[in-house]
Structure formats: C-alpha cells, structure tokens
Amino acid sequence: MKLTHLFLASTMAVTGAAGMAAADFPSEQPIRLISPYGAGGAVDIASRILSSVSGEYLDTRVDVISIDGAGGQEAINLVRDAPADGYTLLVTDYGPLITTALQEDVSYELDEWVPIVQITEVSPVFFARADGPYTDMETFIELAQADPGAISVAHGRYLSVPHLPLILLEQVAEFETNHIPTTGGGQALAFVLGGQTDAGASVPSTIAGGIGDGSLVALALATAERVDALPDTPTLRELGYDVVLPAWYTIFAHRDVPAERMAILEERIMEALNSPSAQALGGRTGTDVRPLGMEASMEAYQTTIVNLEAILATID
Amino acid sequence: MRRFSLAAWRYRELGFGVLALLLAVIGLLHVRYGNWRPGPGGGNWLVPMVAYWVLLAAGLSILLGRLRAAWQPDTERLHVPLVAVAGGLLWGVAFFLAVRHIGIAVSVTVLVGAAMLALSPRDALRPGLIAMVALAAGAVFWLLFTRVAPILVANPILF
Amino acid sequence: MMEFLAEAFALALSPEVMLFALIGIGVGVTVGAIPGLSGDMAIAILLPFVFVMEPAAALGLLVGIYKGSMFGGSISAITFGVPGTAGAAATVIDGYQAKLKGQPNRALHTALYSSIIGDTGSDLVLIFLALPLAAVALMFGPVEFFALYVVSLTLVAALTMGKVARGIAAAALGVMLAMIGRDPITGAQRLTFGLPELSGGIGLVPLLVGVFAVSEIIVQAGRAWMRRSGREMADITARAEALGYDVSKDRLDWPTFRATLKATLLGTGMGTFIGALPGAGASLAAFMSYGVAQRLSRKPQEFGKGSLEGVAAAEAGNSATSGSTFIPLFAFGIPGSATAALFGAALIMMGITPGPTMIKENMSLIYALFIMLIYANLFNFCISKLLLPVYSRLAMIRGEYVLPVVLGLAILGTFAASNSVKDVWVLLAAGLLGVGLRWFGVPLGPLVLGFIVGPGLEQSLRQALMLGRNDWTHLVQSPIAIGIYLGTLAILVGFWLLTRARPESADGAAGGGKGAT
C-alpha cells in the first residue's frame with residue numbers, strides 16, 4: 001500500500017513538473033548545486049548554508065551534490081551538459097574553473113559561465129609555528145632572501161588558492177623558498193606543526209585552532225583588507241607588497257540559462273544569504289557570508305582571470 | 001571435463017610472467033621516450049618507473065623460476081567459461097543503460113529476473129519464486145536509489 | 001570536572017540521543033554492507049541536518065552511522081566476497097574463503113568480536129591517550145610515511161605463500177593503476193591514453209568492487225551456468241547447499257575464538273596507531289595488521305584459505321582506526337581521513353572549531369561524544385549479533401538468486417557513490433581484470449593495496465625528495481623511518497628462519513613449532 005502510494009507520488013511529480021508554466025520558476029523542482037570538491041570542505045559548508053535556508057526564500061529545496069572527479073572537471077561538465085533551465089548550478093572557487101582552464105584543454109570557455117552570487121571571499125594566509133624564528137612577514141622574507149630555497153613552505157595543492165599568492169609574493173618581494181605541495185590545508189597544517197616544513201600557506205579556517213591556542217602565528221594575508229577571523233594579521237599590501245589574490249566561493253549558471261531566470265536566482269539567493277538565519281549559520285561556521293550580486297561577482301570573476309593569466313604566464 | 005594439470009598451471013604462470021615483462025618493458029620505453037611534464041621531486045615519471053622496474057624483476061623471477069623451490073603448486077583450478085565472462089559484462093552494461101534510460105524498477109525486475117532464469121538449474125526451475133524475488137528486488141532498488149541515496153538519472157521513460 | 005562529566009552523561013544518555021545512535025547504526029550497517037555505498041556517503045548526505053538538529057543528537061547519529069558502516073563492510077565481504085567499504089578489502093581475503101568452506105557464521109562472529117574489541121580499544125586510546133599519541137603522529141612526515149607505505153607493500157606482496165613473485169608483480173600493477181590521471185604533486189596529466197575521462201584517475205570504489213566482487217560474481221556465475229547444464233562437479237558451496245546449511249553447526253566456540261585473540265589484539269594496536277596518522281586510512285591498517293598477524297601466526301599457511309585469524313586481524317585493524325582517526329582532528333584540527341573531515345565539518349556546522357582549544361571550550365559535548373563512542377560499540381554489538389544469523393543464512397542462498405542482485409547493487413552503488421558514468425565502466429573493466437588475474441593465479445590483495453597506497457607513496461616520496469633537495473639519503477636519515485625498516489626486516493627474517501626450521505610442522509599440530517623458536 002505504502003509502496004503504491006510512493007509510486008503514484010513520483011509519477012505525479014514527474015508529469016506535474018512538465019506541465020507547469022515557466023512562471024513558477026524556481027519552485028517546480030529542487031535546485032541542484034554541483035560542487036567540484038568533496039563533502040565536508042569549505043565550499044561544501046558555505047553551500048549548505050544556502051541549502052538550509054532555501055525552503056523559505058527560494059520556494060524549493062537546494063541539494064548540494066559533490067562530484068570531485070577529474071580535478072573538478074566532471075562537476076563542471078555535468079552542469080554544462082544539464083538543461084539550461086536554472087535548476088543545475090555550479091558552486092566553486094577559482095581552482096577547477098579558471099586555473100585548470102588556463103593550464104590545459106577543457107570542454108568550456110571561461111565566458112560561458114555567469115556568476116550569479118558570490119557567497120563569500122576567502123583570504124589566503126601565510127603562517128608559521130609560534131615558537132619558530134618566523135614570527136612576522138618581514139623576518140620571514142629577510143631570512144628567505146639570506147638563503148634562497150632553504151625555507152620550506154607547505155601550501156596545499158599545486159597552483160591552488162594559497163599557492164598562487166606565494167608565487168606572486170616571491171616575484172614581488174624577490175625571494176625564493178622551497179614549495180612543498182600537499183593534499184590540502186590539513187596536511188599543510190600537519191607539516192608546519194610537526195616541523196616538517198618551516199611555514200605554510202592556507203586559509204583562515206584551517207589554522208583557526210592553532211591560532212586560538214597560540215601554537216601558530218599568522219604572518220600575512222593576501223587580501224585587500226584585514227579579515228574578521230584574524231584581526232591582528234596585516235595584509236601584504238599594508239606591508240608594502242602588492243599581492244592581492246583573494247579567492248571566492250561563487251554560484252555560477254551557464255550563460256544559456258534565460259536572463260530572467262538568472263535575475264530571479266540572483267534576487268532570491270541574495271535575499272536568502274542576507275537573511276538573519278543564514279547570517280547566524282555563517283557566524284557559527286566561521287564563514288563570512290557577504291553575498292555579492294551578479295554585477296559585483298562578475299567583476300571579481302574577471303579580475304581573477306586577468307590576475308591568474310598574468311601569474312601563470314610567468315611560471316610555464 | 002578438461003582437467004588442468006600441474007603443467008598447465010606452470011604454463012599459466014609463465015604466461016603471466018611474459019605479460020608482466022612485456023608491460024614493464026613497454027612502460028619503461030614510455031618513461032624514456034614519452035612526453036612527461038617536468039615536475040619537482042624526481043618528476044612525475046619517478047614512481048611509475050620504479051613500479052615498472054619492480055614488475056620487470058618480478059616477471060623475470062617468474063620466468064627464470066628462481067623461486068620455483070618455494071612454489072607450492074596450486075591445486076585448485078579456476079575454470080571460467082568465456083560465456084560467463086562475456087555474459088556477465090554484457091549484462092552489466094545492459095543493466096546500467098536500462099536503468100538510466102528506462103527506469104530503475106522496471107529494469108531491475110526484468111534483467112534480474114532474466115539472469116536468475118538463465119542461471120537456474122534446468123531441473124529445479126522455479127519461475128514463481130524467481131518472479132517474486134525479481135519484483136522484490138525491483139521495489140527495494142527503486143526505494144534505495146530514488147529515495148534513500150538518489151542517483152542522477154537522465155529522464156527515464158518508465159520508472 | 002565532575003559537573004562536566006555529569007552533564008556529559010546526561011547529554012549522552014538522553015533517550016533522544018540514544019535513539020539517534022541506534023538509528024545511525026542501523027543505517028550504517030546497511031549502507032556499509034551495500035557495495036559502493038559507504039558510511040562516509042551517508043554522513044555526507046545527512047550533514048545538512050546537523051544545522052537543524054541538537055548537537056548531541058546529531059553526533060549520536062553520525063557516530064552510529066560510522067561505527068555501523070565499519071562493521072557492515074565486513075558483512076558483504078564475508079557473505080558475498082564484496083568489500084562493502086574500502087576498509088573491508090583485507091577482510092575479503094580470508095572471510096570469503098571461510099564462507100566458501102561453509103563457515104559464514106563463524107567468520108561473521110569473528111569479524112564482529114574483533115571489530116568491537118578493536119573499536120573499543122581505539123576509542124579508549126582516543127579518550128585517554130589522544131595528546132601523547134597525537135604528538136607522535138605529528139612526527140610522521142613524508143620520510144616516515146614513505147617507509148610505512150613501502151613496508152606495508154612488502155609485507156602484503158609477500159603475503160601469499162608460494163606466490164611471492166606474483167604478489168610483488170600484483171602490487172606493482174596496483175601502484176601503476178594508481179598512477180593514471182593527475183600526479184599528486186603538480187596535477188599534471190599522465191598515462192591517460194588520451195582519454196579525458198581518465199584525467200581524474202581510476203576511482204577506488206569501482207576498482208575495489210570490480211576487482212574483488214564483479215570478478216567473483218562472474219566466476220560464480222560461470223559455475224552456476226555449468227551446473228545448470230550439469231557439467232560442473234559439485235563444489236563446496238554446492239555440497240553445503242545440498243545438505244542444507246545449518247547455522248547451529250557453524251557456531252564460533254571458545255577455543256576457536258581464543259585462537260584468534262592474538263590477531264585481534266595485534267590488529268587493535270596496529271590499527272589504533274595507523275589510524276592516528278593523518279592520511280593513512282583504514283584499509284592500510286587492515287592490510288598491515290593482516291600482514292603482521294600472518295608473520296606472527298602459528299598457522300601462517302592457513303592465511304588466504306579461510307583463516308579466522310586473518311579475518312580477526314583485518315577487522316580489528318580497520319575498526320581500530322575508528323577512534324584514533326579523530327586524534328589529529330581533536331588535537332590539532334587536522335582531518336586525518338575522509339570520515340574525520342566530515343566529522344570536522346559537522347563540528348564546524350555546530351559552531352565548534354576542531355583543534356587544541358575545542359575540548360576545553362566544549363567540555364560537556366566532547367565528553368558526551370566520548371561516551372557515545374563507547375556505548376555505540378555496545379549497540380553495534382547487540383544489533384549485529386541479532387542480525388548475524390540472518391546474514392549467515394543469506395550467505396548460503398543459492399547463487400542464481402544472489403548473483404544478479406549483488407551485481408546490480410554493485411553497479412548502482414558505484415554509480416550512486418560518485419554519479420559518474422565512467423566509474424561504472426571502470427567497475428566492469430576492473431571485473432574483467434580481476435577474472436584475468438584469478439585465472440593466472442595472481443593474488444588480488446597486493447594489487448588492491450598497491451592501488452590504495454600508490455598515491456600516498458608517490459606523494460610522500462616526492463615530498464621527501466623535495467624537502468631533502470633531491471638527496472636520496474634524506475630517506476634514511478630519520479630514526480623513525482630506520483626503525484620501521486629494521487623492524488620489518490626483523491619480522492621477515494624471523495618468519496623466514498621459522499618456516500625453514502619447521503617446514504612440515506606448519507601443517508601439523510599448532511604447538512609443533514614451539515620448540516623451533
């Protein structure tokens with residue numbers, strides 16, 4: 001009995017969705033937010049904040065789906081191949097979307113993607129052990145200049161969000177370190193704490209615990225302004241090095257999605273993320289939920305492309 | 001009924017040794033002449049190269065029979081009829097395509113039922129039981145993969 | 001302190017939390033037993049609920065799923081030869097052979113007892129020894145990890161007696177398969193044969209399930225096919241089927257169980273330590289304890305042929321990672337495994353930052369979590385104990401009914417794990433590879449271990465070379481690494497001397513070899 005009921009419900013849902021007018025967007029079916037990273041990461045957590053308030057503001061469910069195959073390309077291709085109806089969106093930072101596209105052949109062009117809402121900005125941060133010789137950025141750079149390549153820095157994956165600022169900083173401040181790629185922030189943290197490397201590069205959420213108990217010290221941030229999570233840490237720009245390379249977690253639609261649907265999504269998602277409950281969840285998870293609309297996030301997207309092109313051109 | 005004698009087993013082992021050697025040599029040639037992007041820490045061909053050398057050594061030691069003294073000849077014989085290999089793989093492909101394009105409940109019931117019929121002994125065929133088990137499997141699969149752990153399926157024709 | 005403990009007990013023992021832990025275990029055992037689906041996946045799906053649930057209840061649910069799935073993986077490993085989870089890959093080797101010998105109930109009970117012992121031991125270490133062990137774990141850098149990977153491969157490749165060369169070849173093949181895709185240091189593509197689908201490499205789930213399960217299903221289907229037309233002689237399962245399987249004749253008695261205790265304790269220690277190392281994982285722990293247990297066993301020649309010691313070592317080994325995997329997370333905020341990363345995310349969603357200050361700041365909740373970890377083992381034991389006779393009978397259902405269902409589950413479970421069509425083709429291709437290797441008499445365990453540790457092996461080797469600025473002697477300058485190499489050498493040499501001293505006694509009475517030492 002129960003089984004027939006379920007069968008009926010599902011067939012009704014299918015036929016019902018097809019028959020509805022477009023005016024009902026986005027309430028006809030759940031929105032799928034495809035992430036190129038594994039569940040449990042920072043992108044995942046930020047997306048789930050939206051997902052947990054979606055019922056109220058988007059009139060539908062938002063399912064976060066993690067597909068981390070092929071360095072994120074599987075997720076991007078899935079969104080690209082899905083019907084351009086606004087129900088399948090991409091949420092990512094710039095790594096899989098831009099860096100990979102600039103490095104190798106991918107199935108898409110960068111201007112195929114339209115940023116809908118930037119959920120948050122993420123600041124790359126350099127850090128070291130508090131009991132080591134590198135307690136501020138100036139000393140670190142001086143020591144690195146004194147013996148090029150002797151200081152090792154663990155930085156997450158190759159050409160990832162914390163690695164690119166390190167490359168840029170070395171060019172601007174003219175020093176050289178031994179870059180050690182790791183599987184991500186966790187391993188970079190382990191290497192610094194265990195003394196395997198002298199310093200590390202990651203994002204604030206990775207080192208929050210170590211900063212809290214005083215075992216780590218944050219050297220500098222690669223953003224335009226200081227961040228709430230690390231109020232005492234200077235930016236590189238303050239220190240006189242023009243290295244501003246923040247990352248972002250942004251929701252993208254394919255450009256074939258009708259413009260009016262994008263506008264609806266922008267409006268609803270902005271409203272959802274600005275809601276008190278989303279802001280509260282952001283505060284609880286240490287995610288600085290500061291949504292930017294289509295125009296501002298498009299600007300951030302294009303600036304990032306220009307910056308990355310410049311850096312990657314220097315290393316190949 | 002063909003029996004595999006000890007000699008036949010040795011033959012299989014030698015065959016495997018030759019395969020391993022071939023693979024290792026091709027791999028080493030590829031490491032030497034292939035197009036590898038340079039990278040730090042020994043390059044990204046380092047570990048593949050080590051693996052090929054190990055494979056080469058293992059293949060050689062199988063062929064030369066250096067370890068023969070330590071061999072305890074296997075007494076079990078594995079006979080896999082080709083029809084099972086081809087049938088199993090084809091069934092898998094058909095099953096997956098059917099689930100994606102026709103729908104979970106229908107494909108599972110039909111294909112699982114068909115496989116059960118094919119594998120049942122002729123003298124103990126129980127079509128009624130098979131139909132019941134296949135239907136139950138269809139229902140459970142449907143629940144599992146549309147409700148509990150939904151899989152993304154391109155719009156199926158049925159369900 | 002006392003009021004914290006009282007509060008923690010009140011939290012952990014509230015009916016709601018206990019109910020969620022029970023539900024979690026039920027869900028966990030189920031998803032763990034389904035090939036392809038894993039506890040990690042269930043936890044990932046349930047993560048959003050953490051936002052809306054009571055923290056203690058949410059933790060109870062997640063702990064339940066984790067523990068349940070840990071054991072659930074061994075159920076399908078033993079009953080159908082399908083590793084339900086990656087950690088259960090080593091369990092397949094002997095567990096499935098034991099089932100073929102007509103002893104599924106004994107093997108399942110051994111697995112359950114050793115799981116629970118391993119898990120509980122590991123939880124106690126987490127609760128009482130987290131900080132000192134975490135400090136030791138941090139001393140493991142690339143050089144030490146490389147030593148650990150090399151040693152595990154050596155132990156396991158030389159595992160199958162009389163097939164050493166084939167085992168080593170299989171391990172090398174496994175490492176090579178793991179090299180397909182992106183290299184872990186620069187992300188450069190290699191060995192993809194020009195196929196963009198391979199740029200992400202071969203997935204662990206499809207390879208594991210394909211090599212072990214699909215190939216076994218094909219072999220069994222071949223037997224059923226031949227039996228169907230009456231050309232195949234009755235094998236052991238068929239004979240068991242003909243006689244009717246009787247659970248009451250397949251009980252695990254005390255002397256048999258006691259004989260597996262050494263392996264269980266060995267696995268518990270090994271698993272607890274490897275679990276505390278960030279990035280090492282449950283499958284490495286299971287294979288390592290399996291390898292060492294065989295070397296130290298009185299009946300090493302039974303390993304691979306349905307040895308209950310083998311089941312106990314593998315299961316204690318993988319379950320013993322379940323408590324200690326949280327040690328780096330709690331001590332430093334380092335998620336050492338996929339599961340730890342998910343629990344870390346859940347804690348972050350509750351507003352708790354994993355790391356050194358976490359326990360101090362959330363004393364009652366963390367102690368409640370500790371209490372849950374312990375009683376969840378008890379729940380897991382009771383639920384599984386009730387279900388085992390059912391599973392044992394399930395294991396003995398005739399092949400023609402089971403094989404299509406299990407193959408279907410393997411295909412859809414693999415697809416559900418990643419939503420990747422490619423993974424299904426990899427699964428079937430790995431099945432073909434598995435059939436081929438079985439035909440050649442090549443052991444599958446070393447292949448799978450090579451595949452599992454391949455990426456870590458490469459990463460640690462190349463990181464070590466980079467840290468040592470391309471000086472290979474850097475690899476043997478760490479006292480810990482030297483210790484690992486020497487310890488293994490001692491075990492291997494000792495084992496070799498022992499088997500030489502008593503070439504025949506191994507087949508005789510267990511006590512026969514004692515005089516030789």
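How many salt bridges are there between chain C and chain A? The count is 2 salt bridges, a salt bridge being a side-chain nitrogen of Lys or Arg within 4 Å of a carboxyl oxygen of Asp or Glu.

This is a predicted model, in which local features need pLDDT of at least 70, side-chain atom pairs count only at pLDDT 80 or more, and totals for chains, interfaces and linings use all residues. Residues are numbered from 1 along each chain as its sequence is written, chains are lettered from A and ligands numbered from 1 in the order in which they are written, and side-chain values use heavy atoms, with hydrogens and water left out.

**First stop: chains C and A**

Select A:Glu104 and C:Arg182, which form a salt bridge with their closest N and O atoms 2.8 Å apart. Then widen the selection to the contact (heavy atoms within 4.5 Å), which takes 41 residues from chain C and 42 residues from chain A. The area buried between chain C and chain A is about 3200 Å², and carbon and sulfur atoms give 61% of it. Buried area is the accessible area (1.4 Å probe) that two parts lose on being put together, summed over both.

Across this interface, 9 residue pairs are in polar contact (both at pLDDT 80 or more). A polar contact is a pair of N or O atoms within 3.5 Å; within protein, one must be able to donate a hydrogen and the other to accept it, and residues adjacent in sequence count only if both atoms are side-chain atoms. On the side of chain C that touches chain A, the elements giving two or more residues are α3 (39-50), α16 (338-349) and α21 (445-467) of chain C. Helices (H or I, at least four residues) and strands (E, at least two) are DSSP runs, numbered from the N terminus. Of these elements, α16(C) gives the most, with 5 residues.

**Second stop: a sheet in chain A**

Select the open sheet of 5 strands with the order β7-β6-β8-β5-β9 (chain A), whose pairing is mixed; two strands pair if DSSP finds at least two bridges between them. At its edges stand β7 (178-180) and β9 (216-221) of chain A, each with a single partner strand, so one side of each has no neighbour in the sheet.

Next, select β5 (residues 125-129) and β8 (residues 199-202) of chain A, which run antiparallel and are joined by 4 bridges. Here A:Phe127 stands opposite A:Gly200 in β8(A). Helix α5 (residues 137-146) of chain A packs on the sheet, touching β5, β6 (152-154), β8 and β9 of chain A, and its direction makes about 85° with that of β9(A). Axes are lines fitted to C-alpha atoms, for helices over the stretch in contact, and angles run from 0 to 180 degrees between N-to-C directions. From chain C, α21(C) also packs on the sheet, touching β6 and β7 of chain A.

Select the contact of 68 residues from chain B and 67 residues from chain C. It buries about 6200 Å², of which carbon and sulfur atoms give 78%. In chain B, show B:Phe16, B:Phe96 and B:Leu119, which lose the most area to chain C, together 12% of what that side buries. Between chain B and chain C there are 0 salt bridges, and 4 residue pairs are in polar contact (both at pLDDT 80 or more).

**Last stop: another sheet in chain A**

Select the open sheet of 5 strands in the order β2-β1-β3-β10-β4 (chain A). Strands β1 (residues 31-35) and β3 (residues 88-92) of chain A run parallel, and A:Leu33 stands opposite A:Leu89 in β3(A).
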